[in-house]
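The sequence and the model are shown first.

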Amino acid sequence: QDGSSVLAIWVTKSDEPSIAQVKTPNNTKLVFKGNSYNYAGFNGYIHRVAITNLTTSGLYTYRLGSDANAWSDWLTFRHVLPGEDLSIAIFGDMGTTDAANTAAQQVT
């Protein structure tokens, strides 16, 4: 609620540990642990990790997963503090038709 956290959510086939490794804009390395759960009939585990206490604006680098199974690629997100300008575009569940490409091109 105060703008100092990001929630990472991903799905895997196994109930591996839920870990986020994070490098801050000033190159501090952090590790956050979360949990996983699944629903009856759902073929996979949903992992959630709260990346908290983000006190610096800028580009954060992170990866998700664990040594027990596998890690994601290193990814990035830009964090802004409350009161700073932010513009975002969100779209999802784009399907499999050419309309998905058209929507993505319009956002870009």
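The sections below proceed from the overall fold to individual residues.

## Basis of the description

The model is predicted: local features need pLDDT of at least 70, side-chain atom pairs count only at pLDDT 80 or more, and totals for chains, interfaces and linings use all residues. Residues are numbered from 1 along each chain as its sequence is written, and side-chain values use heavy atoms, with hydrogens and water left out.

## Overall fold

The protein chain contains seven strands and one helix, arranged from the N terminus as β-β-β-β-β-β-β-α. These elements are DSSP runs numbered from the N terminus, with helices (H or I) of at least four residues and strands (E) of at least two.

Of the 108 residues in the protein chain, 25% are buried; buried means under 20% relative accessible area, exposed over 50%, and partly exposed in between (1.4 Å probe, protein chains only). The accessible surface of the chain is about 7600 Å², and carbon and sulfur atoms account for 49% of it. Such areas come from the Shrake-Rupley method with a 1.4 Å probe, and for residues only the protein chains shown count as cover. Among contacts with a separation of 6 or more, 55% join residues 24 or more positions apart, where contact means heavy atoms within 4.5 Å.

## The largest nonpolar core

In soluble globular proteins, nonpolar side chains tend to be buried together. Here the largest nonpolar core has 12 residues: Ala 8, Trp 10, Ala 20, Val 22, Phe 32, Val 49, Ile 51, Leu 54, Tyr 60, Tyr 62, Leu 64 and Phe 77. Strands E1, E2 (19-23), E5 and E6 (58-65) each give two or more residues to this core, and E6 provides the largest share, three residues. A nonpolar core is a set of buried Ala, Val, Leu, Ile, Met, Phe, Trp, Tyr and Cys residues joined through side-chain atoms within 4.5 Å.

Leaving aside neighbours within four places in sequence, Leu 64 is in contact with Ala 8, Trp 10, Ile 19, Ala 20, Ala 70, Trp 71 and Ser 72.

## His 47 and its polar partners

His 47 is located in strand E5 and is buried, its relative accessible area being 0%. Its side chain forms a polar contact of 2.7 Å with that of Ser 18, and another of 2.7 Å with that of Thr 12. A polar contact is a pair of N or O atoms within 3.5 Å; within protein, one must be able to donate a hydrogen and the other to accept it, and residues adjacent in sequence count only if both atoms are side-chain atoms.

Thr 12 belongs to strand E1 (residues 6-12) and is buried, at 16% relative accessible area. The Thr 12 side chain also reaches the backbone oxygen of Ser 14 at 2.7 Å. Not counting residues up to four places away in sequence, Thr 12 touches Gly 44, Tyr 45 and His 47.

## Partly exposed positions

Thr 76, in strand E7 (residues 75-79), is partly exposed, with 47% relative accessibility. Not counting residues up to four places away in sequence, Thr 76 touches Leu 59, Tyr 60, Thr 61 and Tyr 62. The C-alpha atoms of Thr 76 and Leu 59 are separated by 6.5 Å, although these residues are 17 apart along the chain.

Phe 42 lies in the loop between strand E4 (35-37) and strand E5 (45-51) and is partly exposed, at 37% relative accessible area.
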